[in-house]
Amino acid sequence: MSTDLQVTGSVRRARRARQRRTLAVCAGLLAAALAAFLLSLATGDKSIPLPDLLATLGGGGSRGDEFIVLELRLPRAVTAVGVGAAFGLAGAIFQSLLRNPLASPDVIGISAGASAAAVISIVLLGLSGPAVSLTALAGALTAAVLIYALAWRRGVTGYRLVLIGVGVASALTSTVSYVMTRSETMVAQQAFVWLAGSLNGRSWDQARPLLLALALLIPLTALAARALPALQLGDDTARGLGARTEPSRVALLLCAVALAGVATAAAGPVGFVAFVSAPIARGLLRRQDAALLPAALTGAVVVLLSDYIGQHLLGPHQIPVGVVTSVVGAPYLLWLLATANRVGRGG
Amino acid sequence: MTVQHTLRADALRLTYDRHEVVKGLSLDIPPGKLTMIVGPNACGKSTLLRGLARLLTPASGAVLLDGASIHSRPTREVATTLGILPQTPVAPDGITVTDLVGRGRYPHQGWFRRWSDEDERAVAEALEATDVAELADRSVDELSGGQRQRVWIAMALAQGTDLLLLDEPTTYLDITHQVEVLDLLTDLNTSAGTTVVVVLHDLNLACRYADHLVAMRDGRIVAEGPPAEVVTEQVVSDVFGLRCTLVDDPVSGTPLIVPMGRHHSAK
């Protein structure tokens, strides 16, 4: 009996330690996000000191500061937070659900679907603004349905889905290249900036629909994520534990695709954010959970910092945020491929 | 003693892609007993177990849990009564033993009630019963096959069900660990009164450990009952197509099958 109590005690201690770690990591990430957020609001052609910045945000700043902060910088920073959180969350869901670190929407063709749809709408249909965002969202959803349908064989396994996703991604990427070669230089330039994933000139017109979508999608994701710990154990075990596997998986994947879709619609396919956020969060947590909330916070920090770097630290021209994130993400992808094959965990 | 639940297959037919694997089979699982299902490869024994655990939908017939169709009840509710350990469960990379065992509490947790003292107690008891408490903080990846299997059984125990189904829980284990796992299941059965159903490859171990033996061939039951009454040379020949001679197991007194091949035969 006393050993039982001891074991119960140690189980409780382990759980408490985990909770403390999660709390500390989330608090740290939140602080980092807040710092990066304020930094990006304060920095620019006109630097605004912190007291003035806080006064402006509180509604008591000068007219000039108010315009610069509330109309120019705030929507961009808010979009960065939203896009980062959405990509981070989407990547964490895909990776843990499909049990494969490669299975993030930017690797398996969801983002490529959005890009192809956006480029076609810019180049061939002459659309711009919100219309491009909407087609991008539709493109992400269509690509997801296509990949899921092709990968479905009495259920979906991670490895199959990743391979088919990579195949679909390259088909869509060549579609993009083909369309680009057929376009006028000016139009191609516009399409190219979109393809790189950029936050340049984001106004409330982009930020508002993104925030609305996230206000709906994040609670839905939290609901759907309840089945995730069971689903990670394989379908038979999950069903034995009383999870409704297929509906739960479809709900989670739909949330993830929609999150990646609205993020891509707002900022273009900001490369590798979905791919690296969850692994970074798991590294900080020092454990291999789904880590949805920490991944979302990590995504926000990554995009805010990358955008800051691209905007202010790399010379006189603004570098699209997607270029900066790719510089970080691509080496990680290579490292993952190299080490995964070595320990035989490619699937 | 716990309330004894009943589990029954009634003219059950199970198919994969229209290929009939379990062919109209009826079976009463004796409550509070240790039942073992044996048979040659592809006889449908694992399929039957998955059917009993509602992982497969019957093509016809039914699985009845406490007299009502198992598919008519909410799956979460069934999961508080009946647990299954599949043949190849998947552990997420890097998961710790405690975390994995804790996932057995899934059916007891709701949207708002996430983790309770009762959950903690159940996990601790399961770790203790399977003798893996010292491994609690280790990563499941690092464990040996025998340890890992005990951890999975701990997860199934943490689920706290009165009925527990296990699909070949001794596969890939050496003989020592096989005996250890079967001893553990016997403990569980005798101490908690849990009804245990096991699909097992090893006929001799099944004869030794089972209260109730079910021998299958080609999707049907050939014989069932206490091993000492059921197992004869004729039954072994009918089920496995194997000539053998039977002796009494010197340890348990249950039938011990001594196979004869083409090169060896009884004098």
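1. Strand 3 and strand 9 of chain B pair in the parallel sense, over 4 bridges. Within this pair, B:Thr35 stands opposite B:His212 of strand 9. The model is a predicted one, and the points below should be read with that in mind.

2. On strand 9 of chain B there is also an antiparallel pairing, with strand 10 of chain B, over 5 bridges. Here B:Val214 faces B:Glu224 of strand 10 as its opposite residue. How much of strand 9 of chain B is buried? The count is 5 of its 6 residues, so the strand is largely enclosed by the rest of the structure.

3. Strands 9 and 10 of chain B form a hairpin with 2 residues between the strands. B:Asp218 lies in the loop that joins them. Its phi is near 55 degrees, which is a positive value in a residue other than glycine. B:Asp218 has 46% relative accessibility and therefore counts as partly exposed; the class runs between 20% and 50%.

4. These strands belong to an open sheet of 6 strands in chain B, in the order 6-7-8-3-9-10, with mixed pairing. Which strands stand at the edges? They are strand 6 (residues 82–85) and strand 10 of chain B; each has a single partner strand, so one side of each is left without a neighbour in the sheet. On average, neighbouring strands of this sheet are turned by 15 degrees against each other, direction ignored.

5. Two opposite pairs can be found by eye: B:Leu82 with B:Leu163, and B:Ile84 with B:Leu165. Helix 1 (residues 45–52) of chain B packs on the sheet, touching strands 3, 6, 7, 8 and 9 of chain B. The direction of helix 1 makes about 150 degrees with that of strand 7 of chain B.

6. In a regular strand, side chains alternate between the two faces of the sheet. Strand 6 of chain B can be read in this way: B:Leu82 and B:Ile84 point one way, while B:Gly83 and B:Leu85 point the other way. All four of these residues are buried.

7. B:Leu55 sits in the loop between helix 1 and strand 4 (residues 60–65) of chain B. Is B:Leu55 buried or exposed? With a relative accessible area of 5%, B:Leu55 is buried, since the class requires a value under 20%. Leaving aside neighbours within four places in sequence, B:Leu55 is in contact with residues of both chains: A:Asp236, A:Arg239, A:Gly240, B:Arg50 and B:Ile84. B:Leu55 and B:Pro86 are 31 residues apart in sequence, and their C-alpha atoms are 9.9 Å apart in space.

8. Next, the contact between the chains. It takes 43 residues from chain B and 30 residues from chain A. Between them the two chains bury about 3,200 Å², of which 56% is on carbon and sulfur atoms. In chain B, the residues that lose the most area to chain A are B:Arg103, B:Tyr106 and B:Glu120, together 21% of what that side buries.

9. Helix 9 (residues 233–240) of chain B has B:Val235, B:Val236 and B:Val239 buried. Seen down the axis of helix 9, its buried residues fall within an arc of 100 degrees, so they line one face of the helix. An α-helix has 3.6 residues a turn, so residues three or four places apart point the same way. The buried residues of helix 9 of chain B pack against several elements of that chain, including strand 9 (212–217), strand 10 (220–225) and helix 7 (203–209). Just after helix 9 of chain B, B:Gly241 takes a positive phi of about 65 degrees.

10. Another positive phi, about 65 degrees, is found at B:Asp131, although this residue is not a glycine. B:Asp131 is in the loop between helix 4 (117–129) and helix 5 (145–158) of chain B.

11. For chain A, an unreviewed UniProt entry carries the annotation "transmembrane region" for several spans, among them residues 22–42 and 77–98. In the model, residues 22–42 of chain A are 100% helix and 0% strand, with end C-alpha atoms 30 Å apart. Residues 77–98 of chain A are 95% helix and 0% strand, and their end C-alpha atoms lie 31 Å apart.

Technical notes:
Residues numbered from 1 in each chain as written. Chains lettered and ligands numbered in written order. Predicted model: local features only at pLDDT ≥ 70, side-chain atom pairs only at ≥ 80, totals over all residues. Heavy atoms only, no water. UniProt positions renumbered as here; feature names shortened; annotations may be inferred. Buried < 20%, exposed > 50% of the residue type's maximum accessible area, 1.4 Å probe, protein only. Arc of directions from axis to C-beta. Contact = heavy atoms within 4.5 Å. Pairing = 2+ DSSP bridges. Axes fitted to C-alpha atoms, helices over the stretch in contact; angles between N-to-C directions. Buried area = accessible area lost by both parts, 1.4 Å probe.
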